[in-house]
Amino acid sequence: MSYKDNKYFKKHCAKHKDINAKLRPLEIFCKNNGITMEVYGSVTRKDYYHGKSDYDIVFVSDDIDDARDRFENFTHGGRKETGIE
C-alpha cells in the first residue's frame with residue numbers, strides 16, 4: 001500500500017498541513033524525474049507525534065547517479081529548473 005492510501009498518513013496530513021507542504025515539492029520533483037518516492041515511519045502509524053517524530057523516505061531510481069545529480073541540483077536552489085518554486 002502506498003503511503004498516500006495509509007489512513008494514519010491521511011489523518012496526520014489533514015491535522016498538520018506542514019507535512020504536505022514539506023512532502024509535496026519532493027513528490028512533484030520525483031514525478032517529474034522518474035523517481036519513486038515512498039514514505040515510512042511513524043507518520044504512517046498511530047504513534048506519530050507532531051514536532052517530535054520524523055518520517056522516513058525512500059527514493060528508488062533505475063539510474064542512481066543521475067538521480068543523485070538531480071537531487072543535488074534540487075536541494076541547492078535549482079527548484080525553478082525542475083518546475084518547483
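Among contacts in the chain (heavy atoms within 4.5 Å) between residues at least 6 apart in sequence, 53% join residues at least 24 apart. The model is predicted: local features need pLDDT of at least 70, side-chain atom pairs count only at pLDDT 80 or more, and totals for chains, interfaces and linings use all residues. Residues are numbered from 1 along each chain as its sequence is written, and side-chain values use heavy atoms, with hydrogens and water left out.

The chain holds three helices and two strands. Helices (H or I, at least four residues) and strands (E, at least two) are DSSP runs, numbered from the N terminus. Their order along the sequence is α-α-β-β-α. The C-alpha atoms fill a box of roughly 35 × 25 × 20 Å along the principal axes. Of the 85 residues, 34% count as buried. Here buried means under 20% relative accessible area, exposed over 50%, and partly exposed in between (1.4 Å probe, protein chains only). The accessible surface comes to about 6000 Å². Carbon and sulfur atoms account for 48% of that surface.

The chain carries 16 positive and 15 negative side chains. Lys and Arg count as positive, Asp and Glu as negative; His and the chain ends are not counted. The centres of the two sets lie 12 Å apart, each charge being placed at NZ of Lys, CZ of Arg, CG of Asp or CD of Glu.

Side chains of opposite charge can pair when their charged atoms come close. The whole structure has six salt bridges (a side-chain nitrogen of Lys or Arg within 4 Å of a carboxyl oxygen of Asp or Glu). In helix H2 (residues 17–32), Lys22 and Asp18 are four residues apart, so about one helical turn separates them. Their closest N and O atoms are 3.9 Å apart in a salt bridge. Lys22 is exposed, at 52% relative accessibility. Asp18 is partly exposed, at 30%. Helix H2 also holds Arg24 and Glu27, three residues apart. These two form a salt bridge at 3.5 Å. Arg24 is partly exposed at 46%, whereas Glu27 is buried at 12%.

Helix H3 (residues 64–75) contains Asp66 and Arg70, four residues apart. Their salt bridge spans 2.8 Å, N to O. Asp66 is partly exposed at 32%, and Arg70 is partly exposed at 36%. A network of salt bridges links Asp65, Arg68 and Asp69.

Tyr40 lies in strand S1 (residues 36–40). Tyr40 is partly exposed, at 43% relative accessibility.

Technical notes. Accessible areas come from the Shrake-Rupley method with a 1.4 Å probe; for residues, only the protein chains shown count as cover.
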